[in-house]
Amino acid sequence: MNKLQRIKLVQTIIVWKKYISPASLAAFGVALILLIELFIPPYIGMADNGDYYRILYSNGLYFNAPDYTSQTLGYFVKNFGIFQYYNENSALLYSSQTLFVRLALTISEWFGYNRQFDIRIQAALYGVLYVGAVYLLVKAAAWKASRRAGYGLALGAVFVFGDIGYLAYFNSFYSESVVLIMLMYLFSAGMLLYQRQYNDYFLLFLFGASAMILTTSKQQNAPIGLIVAMVAVLFVFLKRDRIFRTLAGMQAVVLLLTAVGTYVLIPEQFVNINKYHAMTRGVLMTADNPEQALDFFGIDRQFSVLTGAIYYDQFSPIPVESEEMQTQFLDKYGFPSIARYYLTHPESAGRIFETAARNAFSNRTKLGNYEKSADKPFGKRTLAFSGYSYLKEWAAPKTSGFVVIWMIVIAGLYAASFYRAVKERALRRTLRLSMILMMMLAGLCAMAVSVIGAGDADLAKHEFLFAVAFDLVTFWVIADCVCRRLWGPNAKKNAGEEDPEPSALLQGGQQ
Amino acid sequence: MRRRTGIKLWVLVLLCLSLPAAVLIPAPASAAQDSAKAARVLLVYDSLGVDTPAAGNIETLQRLLLSLGATVTTVASDAYKPEMAKDNAKLITVCNTEDLCGSITHGMTGFTGEWLHIGSNPPEVLRGKLALKTETASRQSLKLSVNGLSEEHIFVNRLAYITEGKGETYGQITSSEGAIQTPYAVSAGGYAYVPYFQSGNLSELAIAYVLRTWLKADAPTQSYLLIGGITPFIDLDKLEALSEQLYNAGIPFLVSVSPLFNNTDYPAMQRYAAALQAVQAHNGSVLVQVPTPTSAGQDPSILKAQMDGFLNHLADAGIAPLGMTGDMKRAQGKEEREAGFAFSDTTILFANESGRASGQTEAVQPFAASPYTMPAKVLLRISRENKIWPAFPVNLAVTFDWFESDASQEEAVREAAGSWLPFADFKSETHSLSSSAHKAESRSGALLLDGKPADLQDQAEPEEQAPVVSQPEQKVTFHALFSVQNRILIVLIITTLMLFAVFLLIGYRLYKKKYYKSGGGL
C-alpha cells in the first residue's frame, strides 16, 4: 500500500465516521440481518404453538395450508388465507397487536394481495419499527462516547439485538414482537429524555405511546403498565412549562387507566392450557403437600395425582378437555387465587421463583424456525445469528440469587449518581436509575406473572419480557462503563451531571 | 365280524358316556361363538352416513361381529377390490345412502360365499336366492318387534321393506298406520337381507339375531352389568356405597376403571386402590380401561409400559383385574391393539367417542371374550312381552356411565334390580390378565391372583400417611457461582491473590532495601 492509497483509506474512514454514526451503524447492521434472515430464502420465522388462531381469526385471516396442523410446533408457515366473506369473529379487538396485524393486512391489500397474506409484510412493518428502536437505543447508549467506544457499542447492539432469538418473532403472530419493540422504544425514550437529546415533547409522546402499546399487547402486561405509569409521574416535574406538565400529568393518568383497563377489558387469555400448568406444574409441584395445596383452592384431594402433569401428556386419567376436568378442577381457581396462594406460602413462592430464574435467561423457544419446504427436520432451529442467545444461555448463572445480585449490583452502581441528583434536586438525572429500576421491576413482574399463570411450562416464551429487560439493562450498564459514565475522572461530565439545566423541582423549591 | 361288533359297542359306550359329560360341563365364555370363530367377514359400506340417522351403524356392526367371534375387514365400496372377497368367506354389504349404493355391489357379482345385505337396493344375487321383492316408503313411524321384544315410534325417513321373500324371517316391522307389515329380515342358505339397521334402538339386537344365525354361532349367552367411567377423581365413597347397594341387591357387576400412570405412590392412588378393592369385595369385577389418547396424539410403545406399570400396581394392592375395556378404534390398529389390549384376551369394546368407524382395511381379529356393550338407557327402553327377558343373541354388557348425582345412582340401582335382567357373574367364566409381574384370572366363580385366591375382604380405609411428594430437585441458590462458568472467576481471584502476595513480597523487600540503605548511610 503506497502513501497515496493510505491517505485515501484514511480519508474514506473519516468520511464514513462523519456520515455513519454508531446509531446508524447499529440500525444498519440489524436491518441487514433482518433482510438476510427473514426475507431471503430459507426464510426464518417461528412455528405456531397453537395460539395463532385467536389473533388470526379475529383479524380476518385463516389457516389455508391443508396440512397446517401437522406443522404446528415444528415448521414456520408464512402464508395465510384472507377471508373473502363475512367474518363473524372480526369484531373482536384483542390487543394492540391487532393494530399491527391489521396494518400489515391493509398494506398487503394495497399491493393487491387480497386473497393470501404473506407474514413477511408484517415482518417488514415490525422490522422498520425495530430498526428505529435500535437506532434510538444506541443513540442514547453512545451519548458522549468516544468514537471507538461508540462503534464498539454499535457492534455490541447488533450482536445482542440482532440475535435471531429476537428477530424470528417478527415472522410470527406472537405478541412478543410488539413487546420487544415497544420495550426498546420505552427504555430509549426515557433515557433520551434524561440526556435531552431530542425534543422533550416528542420523547414524552414516544414514551407514552410505546407504554400504551406495550401494556395493551396482552392482559398479562397490565401490572407492567402500572409500573410504567408510576415512572411517568416523574415527568410532570421535569419542566416548568405548564403545557408540558399538563401533558405529562394527563399521560400518567391515561397510562394508569390503560393498565387497569387492560386487566379488565382485554379478554382473559388465561387459557386452559396455561391454567392447567399453573396448577399442575406450579402450585402442586412446589407444594410440600399437594393435597393441602388443593385444599386451599377447594379442589378434591384426589387431583394431587396430577402433580407435574402436562396438558399435552399422551394419556390422562380423564381427558384434559373433558367436562369433569373443567368443573371439578379448572373452574375452581384463577390467577388471583394462585397469586394469593403464593403470597401465603413463601416457601412455594421461593421454589417457583427459583424455577423461573432457571429459565429466564433463554431467549429462544423450542419452536421450529424453518418452513416445511426448506427440507429441514421438524422443529429445527436456525444457528445463524444466534451467538448471543447461546452465549447467554450458556454463561448466565441460572439462579434466583443471580437475579437478585444482578439487581442489587446495578442499582448500587447508579445509587451514587442518583443520590447526587436528588441532593441537587436535578430530577432529570434521577431518570437514569428510575428507568433502570422500571425495567428491572417490569422484568420481575413478567417473571412472576408467567409462573403464576402457567407454572414452569413454556417459560422461555412466557418470560420473554424479562429476557428483553435484562438485555436492555445489561447493555446499558456496559455502555455506561465503556463510555465512562459511572466512574473515572470524567464520569460526572460524561453522565451529564455538569450540564446546566436546573430542574423544575429545583426552581419550584427555590420559589 | 365279532371284533367289529366289539368296536362298535365300545364306540357306543364311549358316546353314551361323553354325551352327558358334554352337557354337564359348562362351556366357558371364551369358547362362545366357537363355530363362528373361523368366519372371516368382509364388510363393505357405501358411506358412513355421517350426520344422518345411519351414522355409527358401521361401527356398531363391527363391534357386533367381533362380539360374535368373527374376524372383520371393513372397506368403503370405492376401495373394494375383487381379490378381497377371496380371503373372506362371508360378505356384508351396507347401503346407507340410497343414491350411492346403486354401484356398491358392482364388481361383487362374482362372489360365491355367504352374503348379507343391509339397507336398500339388495343385489340381484340376493334377490334371486331369497326370491326377494322390496318396496320403499317415506317418513314412517315404525314398531319393531323381535323375539318378544318390541320398540315403538322408530321414525325413519326412507325405508326399504320386504314384500316377498323366501326363507327364515326375523321379527316384524309394522308402520303406525298399519300400512306396512313386513318381516324385519329374511335369510336362507347363507344369504340374508336386512332392510333397516340403525344404532341406538332395538334394531341393534334385531340384527344381532340375524347375524347369530348367519354366522352359525350357537353358544349360550349371558348379560353383565358394567359401570363405566370410574376414575381416580370420582367420589370414591360413592363408588363403595354403590358396590354395597349392588351387592345387597344380588347383582354381580363389572367396573371399567381409568388407569393412573404418574404419582402412583401418592395417597390418592392408595384411596383409589382401596375403593377398587371394596368393589372386588362386593362381588364386582375390575376391568381396566385403555385410555383414549389426548389430542396430542400417542405413542403406543409408551402406553404398553405405562399400562403394565398400572396393572402391576393394582395387583400389588390385591386387585385382580380380569380384562380390558377401550374404544373400538383402538382394537383396529395393530400397534394400538398390541399396546393396550395385549395383557388379556378379554376385552369389552365401547363405541368410539366420535361415533365414526375408521377407514381401517386391515382384518380385525376377535377377542376370546368380548361382550357387546349396550347402554342401559337403550336396552331398558325396549318393551318385552314377558317379564323374563328372552335369550340375547350375543353376550351383552349393559352399561351405565358413572353417576353425577346420588339420585341418578339410586335410580340406576333401582332400574337394574327391577329390570329382571339376569346379570351373570363375570368371574364364573374363565378370564385372565397377565402383566409383567402378576397374573390375575377367574375360574368358575373363583378370583385368583398369581395362582392364589384373591383377597376379597374389604380393606379398612388406608392409613392416611403424610404424602410422599418428592420435590423436583431445586438448584441451590448461588450454586452456579461456584460451578462451571464461574470457575474462571475463581481462577482470576486466585491469580490475583497470588499476584498480590508476590507484590507484597517485592514491596517488603524494596522497603527493607530502602531501610538498609538509609541505615547504611547512617
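1. Helix 5 of chain A covers residues 97–110, 14 residues in total. Its first and last C-alpha atoms lie 20 Å apart, close to the 20 Å expected at 1.5 Å a residue. That expected span is 1.5 Å times one less than the number of residues. Helices (H or I, at least four residues) and strands (E, at least two) are DSSP runs, numbered from the N terminus.

2. This is a predicted model: local features need pLDDT of at least 70, side-chain atom pairs count only at pLDDT 80 or more, and totals for chains, interfaces and linings use all residues. Residues are numbered from 1 along each chain as its sequence is written, while chains are lettered from A and ligands numbered from 1 in the order written.

3. Which residues of helix 5 of chain A are buried? They are A:Q97, A:F100, A:V101, A:A104, A:L105 and A:S108. Buried means 20 or more other C-beta atoms within 10 Å of the residue's own; exposed means 12 or fewer; partly exposed lies in between; C-beta atoms are placed from the backbone. Seen down the axis of helix 5 of chain A, the buried residues fall within an arc of 135°, so they line one face. The arc is that of the directions from the helix axis to the C-beta atoms.

4. The face turned away from the buried side of helix 5 of chain A carries exposed A:T106 and A:W110. Just after this helix, A:G112 takes a positive phi of about 90°.

5. Chain B is assigned domain 1 (29–214) and domain 2 (223–453); the bounds come from an automatic or database domain assignment. Their centres, taken over C-alpha atoms, are 30 Å apart.
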